[in-house]
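Hello,

Here is the structure I promised to pass on. Have a look at it first, and then read on for what I found in it.

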Amino acid sequence: MSEAKLPHTESHATAGAGLDLGWMSRQGEWGTRAVAGKQGLTLADIQIGSYGEPDEKSDNQTGRPRGAVARANSYRIGGYTVMSKSEIWLDNASFLYEEALQRQWSSATDVPWHTIKPLPDDIEEAQCQLATFFTEVEFVAGDVPARWIASTTPDFFEPRQCLLAQVMDESRHMDVFRKRALANGGGLMQTSGGTAGVVGSIDLARDFTEMSSRLHISGEGAVLTMFRMGELMAYNEAEKAMYRLCAQDEARHVAFGVMHMRYMSETAPQRREEIQCYLDEAERQILAGSQNPAGTQTDSSEALAILLGGGKAKYDEGVRKLIAIRRRQVQEYIKRVRSTGFGDRFDNGRSSLVDTFDHHVAA
Amino acid sequence: MARFPSTEWFDDVRKVFNTDESYQGGGGGACNALMGVKIGAHSFLITFEGAECSAAAQVQESDLEAADFILEMAYSDWRDMVENIAQNGRADLHHTLNTLDLGRPEGLSHSAHGDQYREDLFFRYNQTMQYFFDASARVKTQFAE
Amino acid sequence: MTDKNDSKPGPDSVARIDANADMAQPAQPNLKWMGKSHQWGTRVKPGKHGLRLGDLNVGIYGEVPPVWTDQTRAPRGAVARRGVPPLGYAIRDKVDLWADSAADMYEEAIQRRWAPATSVPWDTIAPLPDDVERAICQVCTELSQYANADVESVTHWQAQMAYGYHEIKQFLATVSFDGARHMEVFRKRALCNGGGLGLEGPGEVNRMILESRGGWTEAVLYLFVVRGLFTQTMYRYLERYAHNDAERTIFAHCLEDKARHLTYAIDHLRYAINHQDDQNLILQQLCMIGERVLVRELKDGVLREALAIVFGNGISGAQAGLQIHGRMMADYIKRYLATLKWLGVERRTLFPEELSAYLKVS
């Protein structure tokens with residue numbers, strides 16, 4: 001990092017007061033004047049000069065801000081495992097982070113809880129079962145990014161900021177679904193257990209791209225569709241608001257995953273086959289498995305069918321609508337993966353997703 | 001009184017939307033998207049930049065290719081939605097944008113480019129889009145048909 | 001439970017979903033999940049401030065056990081499923097993380113959120129004398145680095161906490177988000193007025209915070225009390241001696257955020273002391289170690305000089321600035337000692353002379 005030299009002036013020579021002031025001659029690129037735009041002073045606005053894009057490799061083991069001048073005797077705090085830009089970068093991280101900051105909401109006051117009125121028992125049970133499931137699912141998306149933040153050098157702070165926003169979003173989702181379960185004469189019901197321990201699950205990822213492909217592209221993409229369905233089948237303004245606001249956040253997380261994958265597709269051709277393997281596994285485990293309530297019949301998919309049908313007595317009708325949801329989910333997932341640059345898997349027969357989906361439809 | 005659909009109508013909605021600060025909270029906020037709206041044979045491009053809906057313009061159908069996402073319904077369905085909003089102060093449970101999108105076999109939101117990342121802006125900014133159309137409750141509307 | 005049949009989802013809109021007429025008959029549901037709840041009939045109503053997290057702690061949902069043995073992501077109060085593989089959450093004892101105020105602090109953090117891009121009046125920053133700009137940029141560089149250590153420490157521990165104590169995890173999500181804002185806002189200040197980033201800090205306290213091998217309680221002490229109070233005191237003085245509304249706003253917001261963190265910290269430490277034998281003695285030992293690390297770091301004159309220039313409005317005013325810095329340090333130490341005294345952590349013995357000296361001067 002080049003250091004700006006302070007021109008020698010009389011005032012410095014006669015500083016007195018026992019001041020050293022040597023640090024004034026050891027500062028980063030000087031004269032930087034980022035200008036606020038229409039949307040305020042954003043992270044993108046300060047990505048200028050040598051403070052802009054990071055180098056491909058980071059050697060920052062002291063946690064200093066990117067562009068700050070290193071000290072030879074500064075204590076190493078690092079042990080960061082993500083030290084290469086290609087492991088975590090995405091081109092619009094700054095933009096997504098600023099969007100997250102601007103679009104925060106409060107589950108306590110932005111959801112019109114007073115609009116919830118008593119519902120038929122089967123409907124309330126189904127809503128509570130779904131709320132229990134979502135509380136559990138959002139826990140995954142709160143914990144996992146947190147671990148990766150602590151492991152990533154601050155030289156790549158833009159993606160880290162996005163992940164920090166995600167942890168906040170997921171915390172809010174955990175909170176809002178717990179509130180829904182306890183707001184209308186119901187309660188929490190049984191957990192799915194589907195978020196733990198399976199080889200290839202999100203928790204067990206040892207690489208950021210591996211984790212992101214499963215969490216952001218597959219997992220959150222599926223949950224996004226569920227939230228949109230929640231808004232569709234809502235029985236009151238509170239549920240409408242709750243699901244709509246959660247869906248917005250989720251869409252932003254999905255966008256992170258898509259843009260990171262796109263960056264990998266463009267800059268890391270040597271990892272292409274590896275990433276296709278992550279998608280293979282994610283598609284098998286998440287989209288068709290028990291973690292997806294609109295997948296094989298689970299407690300949550302039965303709850304969804306009851307809600308979509310309008311009651312237990314209309315279960316079959318609800319299942320048909322649920323299948324339509326799965327179709328939509330799969331279509332959107334396919335289009336997202338195409339958007340990342342890995343869409344060849346659907347054209348060359350590699351993805352068994354469509355076959356899996358058709359198999360369950362026929363069952 | 002602006003006629004629906006027309007640029008003037010969308011400009012009237014923009015004025016309400018841009019001057020109501022409550023639309024920037026509660027899950028609203030900075031929004032950057034180009035929304036296409038197809039109402040029967042009429043096409044419009046609505047520009048969102050940050051906290052502002054900065055422009056609305058009637059365009060040729062082919063111009064909708066530039067839109068991040070396009071909301072398309074028959075005129076009668078749009079009229080039904082706008083009337084519902086006017087009657088209730090905002091869209092009721094059956095007339096929100098997301099409900100219309102999922103509840104109709106043909107959906108509501110699509111794009112000309114097929115890039116799901118850009119189409120997903122409809123989900124990322126859904127509350128803002130909802131606020132925008134809900135703002136039409138405070139616009140005096142004359143229907144073309 | 002009621003049995004109203006007139007409540008239904010948007011029937012017209014849902015009915016039009018593609019229902020695939022040629023599909024085979026759906027399998028019969030088993031519905032075994034229905035009726036499975038430890039406590040049904042819960043109806044929490046929103047209060048004056050909406051429906052808050054703490055309001056949900058009714059009946060079994062509010063029973064926070066001293067040890068959370070569930071090693072899955074089962075929400076507190078949900079019916080656990082048998083045979084789910086454990087996830088290995090390391091922090092499972094309430095005494096290691098609890099604070100009664102966490103739920104309220106979580107909601108407060110959300111209500112008092114701010115966005116550096118738009119909440120700060122950046123247009124009020126005008127060019128400053130070169131020495132002052134260099135000083136403020138140096139301070140901002142170090143504060144941004146402190147915030148990085150905050151973020152890394154909190155996210156590291158948060159991921160290890162069991163879900164029986166979700167209030168703490170949720171509050172810590174707001175703390176790490178605050179850290180993100182602070183990292184960002186100080187970077188923005190350094191880069192918006194003709195300056196740039198300065199020299200990184202010595203980092204020994206950062207390392208101490210991040211090491212905290214004794215667990216989260218140790219991290220809380222170092223992060224929020226030893227260093228957190230120091231940072232908070234600095235924010236107070238920087239707000240007081242700000243050169244423009246932008247800086248005033250920045251430090252005022254950061255101050256509020258830090259106050260919340262400190263509330264949690266004191267609450268947690270008090271809980272830990274009251275529920276674990278000798279915890280006050282352990283904390284006393286940790287304080288002795290931490291104070292020495294802080295003293296070593298404070299021997300590095302860079303931050304002191306930069307602050308003196310900021311407070312004195314230039315090198316020419318640095319003498320006066322150093323006196324203000326001395327008052328700032330005295331305020332910090334008084335507050336630090338008072339906090340520990342209130343907690344029952346005695347610091348009369350072996351308190352570093354270098355820190356006492358500030359009290360004598362003041």
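What is the mean pLDDT of chain A, and what share of its residues reach 70 or more? The model is a predicted one, and for chain A the mean pLDDT is 87, with 87% of residues at 70 or more. There are stretches to treat with care. Residues 1-15 of chain A have pLDDT below 50, and beyond near neighbours in sequence this stretch has 27 contacts in the model. Residues 359-363 of chain A also have pLDDT below 50, and that stretch has five contacts in the model beyond near neighbours in sequence. Where pLDDT is low, the predicted coordinates should not be read in detail.

**Where chains A and C touch**

The contact between these two chains takes 114 residues from chain A and 113 residues from chain C. On the side of chain A that touches chain C, the elements giving two or more residues are α1 (10-13), α3 (93-102), α4 (121-151), α5 (157-182), α9 (299-309), α10 (315-340) and α12 (353-362) of chain A. Of these, α4(A) gives the most, with 16 residues. Sorted by class, this side of chain A has 57 nonpolar, 35 polar and 22 charged residues.

**Chain C**

If you turn to chain C, you will find 12 helices and zero strands. Its C-alpha atoms fill a box of roughly 85 × 50 × 35 Å, taken along the principal axes. Chain C has 362 residues, and buried residues make up 54% of them. Among the contacts in chain C with a separation of 6 or more, 77% are between residues 24 or more positions apart.

Two residues in the loops of chain C have a backbone angle worth a look. N313(C) is not a glycine, yet it has a positive phi of about 60 degrees. You will find N313(C) in the loop between α10 (302-312) and α11 (318-343) of chain C. N313(C) counts as partly exposed because it has 18 C-beta neighbours inside 10 Å. The other is L350(C), a residue other than glycine with a positive phi near 55 degrees. L350(C) sits in the loop between α11 and α12 (353-361) of chain C. With 12 C-beta neighbours inside 10 Å, L350(C) counts as exposed.

**The sheet in chain B**

Chain B holds an open sheet of five strands with mixed pairing, in the order β4-β3-β2-β5-β6. At its edges stand β4 and β6 (109-110) of chain B, each with a single partner strand, so one side of each is left without a neighbour in the sheet.

How do β3 and β4 of chain B pair? Strand β3 (residues 42-50) and strand β4 (residues 52-59) of chain B run in the antiparallel sense and are paired over seven bridges. A hairpin links β3(B) to β4(B) through one residue. You can follow the pairing at particular residues: F44(B) has Q58(B) in β4(B) as its bridge partner, and I46(B) stands opposite A56(B) in β4(B).

Helix α2 (residues 75-88) of chain B has 14 residues, which at 1.5 Å a residue should span 20 Å; its end C-alpha atoms are 20 Å apart, so the two agree. Which residues of α2(B) are buried? They are W78(B), M81(B), V82(B) and I85(B). Seen down the axis of α2(B), these buried residues fall within an arc of 95 degrees, so they line one face of the helix. An α-helix has 3.6 residues a turn, so residues three or four places apart point the same way.

The covering over the buried residues of α2(B) includes β1 (2-4), β2 (31-39), β5 (69-73), α3 (97-103), α6 (126-134) and β7 (141-143) of chain B. On the face of α2(B) turned away from its buried side are the exposed residues S76(B) and Q87(B). After α2(B) comes G89(B), with a positive phi near 85 degrees.

P5(B) lies in the loop between β1 and α1 (7-19) of chain B.

Enjoy looking around, and write back with any questions.

Best wishes

How values were computed:
Residues numbered from 1 in each chain as written. Chains lettered and ligands numbered in written order. Predicted model: local features only at pLDDT ≥ 70, side-chain atom pairs only at ≥ 80, totals over all residues. Pairing = 2+ DSSP bridges. Helix = DSSP H or I, 4+ residues; strand = E, 2+ residues; numbered from the N terminus. pLDDT = per-residue confidence, 0-100. Contact = placed C-beta atoms within 7 Å. Nonpolar A, V, L, I, M, F, W, Y, C, P; charged D, E, K, R; others polar. Buried ≥ 20, exposed ≤ 12 C-beta atoms within 10 Å, placed from the backbone. Expected span 1.5 Å × (residues − 1). Arc of directions from axis to C-beta.
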